[in-house]
Amino acid sequence: MLESLGELEKVTEEVDLRYVSARVAASPKALWFERVRGYEMGIVSGILGSRERLAACLDCDQREIGRAFLHKLQNRCAPVMVRTGPVKEVIKIGDEVDLTALPVPLISQLDGGPYITSAIGIARDAEYGRNVGAYRLMIRNERETSIDLVSASDLKLFYERAFKEGKSLPFAVAIGTHPALLMAAAHMAPAGQDEFELAGGLAGAPINLVKCETIDLEVPADAELVLEGELLPTGWTEDEGRFGDFTGFVGPLKWNPIFRVNAITHRRDAIFYALHMPDEVDYLVAPPLEGSGWQALANAGVTATAVYAPQAAGCNFNLYASIRKRPGEGKNAVLALLPLKRVKHVVVTDEDVDIFDPADLERAIAYRVRPAQDIIVVPGARGSHLDPSVQLQVTKGALAPLTAKWGLDATIPEGADLAEYETIRYPFRENCSDMASPVAAAGIDLAEQIAAYLDAPKHFAEVLAHFGATSQRDIVRAWGELRKAKRLGREQRTGRYVLQNTAI
Ligand SMILES: Cc1cc2nc3c(=O)[nH]c(=O)nc-3n(C[C@H](O)[C@H](O)[C@H](O)COP(=O)(O)O)c2cc1C
């Protein structure tokens, strides 16, 4: 689909794996490296590297990704078990497994090693059932990766339970699926909710699943590649990281568990998906956050006209909304959006502001915010340790990422004179390409014709437009006659001309 949209560039010459990441970073399109020196598989990267490409995946306009996500989530679609699928074309078990044969690039300069970034991890717990999430995997050797299980996640919970019992947790990883599955996996759905079902809703068709070869788990039948194995009960003992994260900052070295791979199944012509950091992860999480924004504003009784989580703030920390305001709702909207997930900074504007345009947003902040009244700061709120400005504070022996959250009510203040917010618009924009249009000679009684036209208050531009066949010079002369005769009055607030009842 990306190819048909002109959003994919095929790189046909052979490339060295070490140059892949930088080439993707510099490319406005997704890249498909068909031949990687020393590897059998090609690589695709940057699939979700722009808002437009993400919107194509959700089949909507890029401004509508949040609403499209919400809508599709409501139409869940249960996965279907199938007997086999393309992912079973090649099956390698035990000693045949060699992760170093996968073309996994080093994505950012300070990463601890090559990372599988598009891993959709599948596990099962006796109480919660099946869980699907997205997790980064650092290659350690032919059979092992590290996995980051420091942050709270359903998988961490499953792993902690297995660890306490001294058991391995069976774990499967799918690489290269419909992006909807990655989106569902990254979505923080409550434990017990089947992300395959959410993904089916997002993709508009059920996800076909097949049984794993070596463990009791199900994986997408049409994935490019599947890894089967176990999270070893070694606990948080092995080095993992550093890793260039979704914030664009490089996270710390961590101590984490090991994923031991016991089988690989893949398509015969499998392509490895090297999800590029940070842009692809950012865009993946934009739809759920913007969706939550729409939902929160609706719950607060505020009519939203747009919601936008900009990529510069990882589609996580800043959230902008424009609203059709009733008095006081600028503040209500700020209060509704601030608690969401990792959101730290909210800006709410009126609906005439294009919040997707940084210049329009800055203008609104400059001219609509009265700092003494319109900045809301909430100290001591929960932040994210991924925001380097957040101070970890010891509370009851544990470290908590505390921050202030802040919002700007950048709507036009209640009671303001709207005439003061009228912006410069250029006259005759629609027909300005028609510069050489012939101009007729003025009629003898042009001043009287203009006077007759001023039967209601008019701006000068309206007079120019109405007498469009007459030269501006003749109009200004006739205008001068009316002025000399003191027949032109003005409306104080709008500046429009009115006819005063004096004869020439
Ligand atoms: C590409 C990508 C990589 C991610 N890597 C990790 C990770 O290594 N560890 C983690 O805890 N969360 C990671 N996340 C976030 C989780 O996928 C997300 O929190 C998800 O909701 C976890 O699912 P779970 O709670 O069902 O386990 C990643 C997200 C993406 C999109």
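**Ligand site**

The model is a predicted one, in which local features need pLDDT of at least 70 and side-chain atom pairs count only at pLDDT 80 or more, while totals for chains, interfaces and linings use all residues. I number residues from 1 along each chain as its sequence is written, and side-chain values use heavy atoms, with hydrogens and water left out.

A polar backbone atom of D148 is 2.9 Å from a nitrogen atom of the ligand. For L155, a backbone N or O atom lies 3.1 Å from an oxygen atom of the ligand. For H187, the distance from a backbone N or O atom to an oxygen atom of the ligand is 3.3 Å. On its own the ligand has 630 Å² of accessible area, and the protein covers 88% of that. Accessible areas here come from the Shrake-Rupley method with a 1.4 Å probe; for residues, only the protein chains shown count as cover.

Where does the ligand sit? I find the ligand in the largest pocket. A molecule sits in a pocket if more than half of its atoms lie within 2 Å of the grid points of that pocket. The pocket itself is defined on a 1 Å grid over the protein atoms alone, as an open set of points where a 1.4 Å probe fits, with protein on both sides within 12 Å along at least five of seven lines.

**Composition of the shell**

Next I noted which elements supply the shell around the ligand. Helices (H or I, at least four residues) and strands (E, at least two) are DSSP runs, numbered from the N terminus.

**Helices**

Six of the eight residues of α5 are buried, namely A180, L181, L182, M183, A184 and A185.

In α7 I looked at P288, which is buried because its relative accessible area is 7%.

In α9 (residues 358–368) I looked at R368. At 9% relative accessibility, R368 counts as buried. Its side chain makes polar contacts (pairs of N or O atoms within 3.5 Å; within protein, one must be able to donate a hydrogen and the other to accept it, and residues adjacent in sequence count only if both atoms are side-chain atoms). The partner side chains are D350 at 2.6 Å and D352 at 2.8 Å.

**Backbone geometry**

Most residues other than glycine have a negative phi, and most peptide bonds are trans. I therefore listed the departures from this.

- The peptide bond joining G241 and R242 is cis, with omega about -5°; R242 is in the loop between β15 (238–240) and β16 (254–256).
- The bond from M277 to P278 is cis, with omega near -5°; P278 lies in the loop between β18 (271–273) and α7.
- C315 has a positive phi near 50°, is placed in the loop between β19 (303–308) and β20 (318–324), and counts as buried at 0% relative accessibility.
- K341 has a positive phi of about 40°, is found in the loop between α8 (329–337) and β21 (345–350), and is partly exposed at 44%.

**Buried loop residues**

I note 9.7 Å between the C-alpha atoms of D387 and K344, which are 43 residues apart along the chain.

I207 is in the loop between α6 (195–203) and β12 (208–211) and counts as buried at 8% relative accessibility. I207 and P220 are 13 residues apart in sequence and 6.6 Å apart in space, C-alpha to C-alpha.

How values were computed:
1 Å grid on protein atoms, 1.4 Å probe; cavity = no way out; pocket = protein on both sides within 12 Å on 5 of 7 lines; lining within 4 Å. Buried < 20%, exposed > 50% of the residue type's maximum accessible area, 1.4 Å probe, protein only.
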